[in-house]
Amino acid sequence: MKYLFLILLFTAFVACEDETKTCDQTLLADLGINFKKDSLDGYINKDTIWPKVTLYALGKDTILSSVARSSVFISLSPLADSSRFYLKLDSTKTPDTLTFRYTRKPNFVSAGCGFATFFTLDTVISTYHTIDSIHINNKEVNSSNDTHLSLFFIY
Amino acid sequence: MIRTFLYFLSISLLLAITTQAQVKDSIRIKPLADSIAHKRDTTTRKLVTKPLSKSKDSLVYTTSGGLRLGLDVSRFVVKAFQPYRTDITVQADAQINKRLYGAIELGYNRTSHSDTNYTYKGNGQYVTVGVDYDFLNKKATGEKNMVYGGIRYGFAHNTYESPAYKLHSDYWSSTIEGSYPKTSMTAHWIELIFGLRVEVLKNFFLGWGVREKIMVSNSASDTFQPIVIPGFGTGGKRSQFDVTYSVSYYIPLYKVKIHVPREKPKKQ
């Protein structure tokens with residue numbers, strides 16, 4: 001009983017810590033994309049790794065340059081309601097361009113972290129040179145580490 | 001961490017003093033208790049008065065009931081740990097019958113924070129209303145010490161805003177500035193309390209309590225929860241644990257009837 005009381009008191013003091021000092025959550029609201037190999041006309045979908053993935057937003061710095069990946073994370077532009085990305089999956093493959101249209105909303109994450117931009121996906125437009133189809137799993141792009149989009153390939 | 005430890009130490013000391021006071025009290029009261037049970041004498045305690053009526057199983061006494069007004073001093077300690085918070089809480093409770101006390105708590109909170117990412121301003125009031133059930137078997141009819149469990153309904157009204165905030169993006173090398181306008185929110189919650197109150201000087205009480213607060217409804221937008229909901233704690237949380245330490249003064253005002261079971265005479 002005595003120890004239970006001490007534990008209770010201690011939790012109270014932990015709860016009493018200055019919450020503006022630490023940011024315990026990620027402020028990055030990145031859009032997660034994974035790659036799926038479509039066999040048997042959509043009946044079997046397996047995660048697939050592309051050997052040389054190159055990714056960047058058109059006119060911006062390179063996010064990935066010829067690295068093996070089964071999934072990628074991209075940061076949508078907080079300055080506009082749409083952004084475009086260049087995605088090349090292998091050296092021999094034709095690159096695709098992904099266009100995202102979305103709405104932006106400032107969101108108070110926590111007292112320690114402050115505000116972050118959260119996005120709600122509206123439309124995804126793509127060229128289909130290497131990509132076969134796109135599936136949106138989750139339209140809400142917030143700080144939860146989610147896979148929002150699946151890209152399907154047939155090869 | 002060191003501050004947490006110091007705070008812990010100071011509270012432990014206060015607790016030790018309270019416990020000691022209680023021990024003294026019980027020693028002082030014990031002979032009194034015997035005399036009341038057997039002789040129905042007038043005692044040195046003014047609060048104990050004559051029995052009203054006799055029945056076969058119990059005696060009915062009246063004891064002084066009144067208003068206990070208190071200040072929650074733990075809120076000032078919260079200020080030391082969370083400098084952005086300023087809380088003031090006053091409490092009042094009054095005896096209804098032998099075991100039951102009606103209790104009310106009123107409070108005010110002001111929250112103000114500013115750092116490189118955002119500024120925040122908020123202020124609001126809250127009220128909790130409920131009852132305390134006293135578990136302590138009294139050694140004397142006038143004894144006012146309590147070991148209690150209680151339940152409260154809490155309501156808060158809070159106004160808050162963020163006059164300026166910044167949104168950073170490393171990849172897009174951008175910083176967007178914005179502000180969140182003044183917004184009002186209300187919250188309803190339930191509190192479960194366990195605690196004790198000890199009369200350390202005549203009519204002067206010290207007491208501590210632990211409480212678990214469970215949010216029932218909160219009207220704040222999910223995109224911007226207030227940093228502090230007055231009386232509840234951190235905004236956006238489903239439940240919150242809290243410790244209170246209060247000093248209170250008791251004002252005798254009225255009489256409360258108390259039934260004391262008569263002890264059966266021992267067969268020899």
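Predicted model: local features only at pLDDT ≥ 70, side-chain atom pairs only at ≥ 80, totals over all residues.
Rings of Phe, Tyr and Trp (its six-membered ring) pair if their centres lie within 6.5 Å; planes under 30 degrees apart count as stacked, over 60 as edge-to-face and the rest as tilted. With that in hand, I looked up the total and found 21 aromatic pairs over all chains.

Residues are numbered from 1 along each chain as its sequence is written, chains are lettered from A and ligands numbered from 1 in the order written, and side-chain values use heavy atoms, without hydrogens and water.

Next I picked a pair: A:Phe115 and B:Phe224 are tilted, 5.2 Å centre to centre with 55° between the planes. A:Phe115 lies in strand 8 of chain A and B:Phe224 in a loop of chain B, so this pair joins two chains. I found both A:Phe115 and B:Phe224 buried (under 20% relative accessible area, 1.4 Å probe, protein chains only).

Then I turned to B:Trp189 and B:Phe232, an edge-to-face pair at 5.7 Å and 65°. They sit 43 residues apart and link distant parts of the chain, and each of B:Trp189 and B:Phe232 is buried.

I also checked for a cluster: A:Phe115 and B:Phe224 belong to one aromatic cluster, whose members include A:Phe108 and B:Tyr118.

Last, I looked at charges: the charged end of B:Arg68 sits over the ring of B:Phe205, 4.5 Å from its centre (CZ of Arg within 6 Å of the ring centre and within 35 degrees of the ring normal).

Definitions and conventions
Helix = DSSP H or I, 4+ residues; strand = E, 2+ residues; numbered from the N terminus. Buried < 20%, exposed > 50% of the residue type's maximum accessible area, 1.4 Å probe, protein only.
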